[in-house]
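Open the model in your viewer and keep the sequence at hand. The tour goes from one selection to the next.

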Amino acid sequence: MATLIAPPNHSPLEDAEALRKAVKGWGADGKGIIAILGHRNATQRTQIREAYHDLFQEDLIKRLESELSGDFELLVGLVSSFRYDGNEINARLAQSEADVLHEAIKDKNQNHEEVIRILTTRSKTQLVATFNRYRDDHGIAITKKLSDEASDNFHKAVHLAISCINDHKKYYEKVLRNAIESVGTDEDALTRVIVSRAEKDLKDIKEVYYKRNSVHLEHAVAKETSGDYTKFLLALLGKED
């Protein structure tokens, strides 16, 4: 389940005008930006970005980049698109891309671009079909094969990505735990998980986190971060003021 709380009815034009006021002048109004982008879903944010461009003839992302600094720049990532998430399966595609992955694992110096394209653009349903095809064709799970072959950073990253797809809630909980427990807090990893899962299954991930750590994720985030960055993460975690 999602944690992001978005109003069913909103005006993209009003939101765009409010964002313009928030970023215009000396210093950005972080609270005003959070109130809008922290409570809009992906479709609504796309509408806001389009309305902003129509009204002010400039790109909202570039404006935010020019006005924001530090961790609060995670806002820029929120106006971007997400992976296609349909349920259709293309069996021929699964077969051909299982072959691509097999060749990429076997030949460690080639096909990186193709592997990245497959893992970042295909739906989870399609990827699972591809991984099943790989297992059927080669008699071994792709994650096991990668564990045996993962001697470089790229293959280790691919192994992590596929582990995430296969058992993503436990994987994301582990990423969050490691990010929060690391010296200085790994804010890139923290931001990436919360932003990318807020409209999908962050509530479930929060429950896994609590069961594993006996502390609510909101409390851990509030303890290890500060300022507008904290407020924005908490908004995405579903915490109301």
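Select Y52 to begin: this residue is buried, with a relative accessible area of 0%. Buried means under 20% relative accessible area, exposed over 50%, and partly exposed in between (1.4 Å probe, protein chains only). This is a predicted model, in which local features need pLDDT of at least 70 and side-chain atom pairs count only at pLDDT 80 or more, while totals for chains, interfaces and linings use all residues. Residues are numbered from 1 along each chain as its sequence is written, and side-chain values use heavy atoms, with hydrogens and water left out.

Y52 and F56 are 4 residues apart in helix 3 (residues 42-56), so about one helical turn separates them. Helices are DSSP runs of H or I with at least four residues, numbered from the N terminus.

The whole structure holds 1 aromatic pair. The ring centres of Y52 and F56 are 5.0 Å apart and the planes meet at 55°, so this pair is tilted. Rings of Phe, Tyr and Trp (its six-membered ring) pair if their centres lie within 6.5 Å; planes under 30 degrees apart count as stacked, over 60 as edge-to-face, the rest as tilted.

Now show R20, which lies over the face of F56, 4.7 Å from the ring centre. Such a charge has NZ of Lys or CZ of Arg within 6 Å of the ring centre and within 35 degrees of the ring normal.

Move to helix 14 (residues 217-224), where L217, E218, A220 and V221 are buried. The exposed residues H219 and K223 are on the face turned away from the buried side of helix 14.

Definitions and conventions: Helices (H or I, at least four residues) and strands (E, at least two) are DSSP runs, numbered from the N terminus.
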